[in-house]
Amino acid sequence: VQLQASGGGLVQPGGSLRLSCAASGSIFSIDTMGWYRQTPGKQRELVAHITSGGSTLYADFVKGRFIISRINAKNTVSLQMNSLKPEDTAVYYCNADVRVGISIRPITYWGQGTLVTVSS
């Protein structure tokens, strides 16, 4: 199973970016998919996640600004980031809890990370 993230880049404060992540490989189903971020010297932190049923959870620092969504049939998850702030600068990682069989416990896979830089 592989997760491929894309969509990072440089954006000015107040701007928007959309991150996308696609899972591929031997996938039976995916439970939760999410986005995390990490800055140098800090632990990776949850940004948002979404269950297969569409329930979402957001970190307080992105509530009202970021929107997570997914397309189950395509095994993709996206993160629409609006009103970006310099403190949102980080490497963003997607992850997915993947089941490779009907009775198999999910395994968490991670994407390679995509850099988001918010700067004027």
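In which sense, parallel or antiparallel, do strand 2 and strand 11 pair? Select residues 9-11 for strand 2, and you will find that this strand and strand 11 pair in the parallel sense over three bridges, where strands are DSSP runs (E, at least two residues) numbered from the N terminus and pairing requires that DSSP finds at least two bridges between the two strands.

Before going further, note that this is a predicted model, in which local features need pLDDT of at least 70 and side-chain atom pairs count only at pLDDT 80 or more, while totals for chains, interfaces and linings use all residues. Residues are numbered from 1 along each chain as its sequence is written, and side-chain values use heavy atoms, with hydrogens and water left out.

V118 is the bridge partner of V11, and V116 stands opposite A90.

Next, select strand 9, residues 90-99, which runs antiparallel to strand 11 and is joined to that strand by three bridges. Within strand 9 lies N95, which counts as buried because its relative accessible area is 8%. Leaving out residues up to four places away in sequence, N95 touches L3, T32, M33, G34, Y36, T108, Y109 and W110, a contact being heavy atoms within 4.5 Å.

Now move to the loop between strand 8 and strand 9, where D88 is found. D88 is buried, with a relative accessible area of 0%, and its side chain makes a polar contact with the side chain of R65 at 2.7 Å; such a contact is a pair of N or O atoms within 3.5 Å, and within protein one must be able to donate a hydrogen and the other to accept it, with residues adjacent in sequence counting only if both atoms are side-chain atoms. Setting aside neighbours within four places in sequence, D88 is in contact with residues including R37, F66, S83, V116 and V118.

S83 lies in the loop between strand 8 and strand 9 and has a positive phi of about 50 degrees although it is not a glycine. S83 counts as partly exposed because its relative accessibility is 40%.

Finally, select N75 in the loop between strand 7 (66-71) and strand 8 (76-81), where N75, not a glycine, has a positive phi of about 55 degrees.

Methods
Helices (H or I, at least four residues) and strands (E, at least two) are DSSP runs, numbered from the N terminus. Buried means under 20% relative accessible area, exposed over 50%, partly exposed in between (1.4 Å probe, protein chains only).
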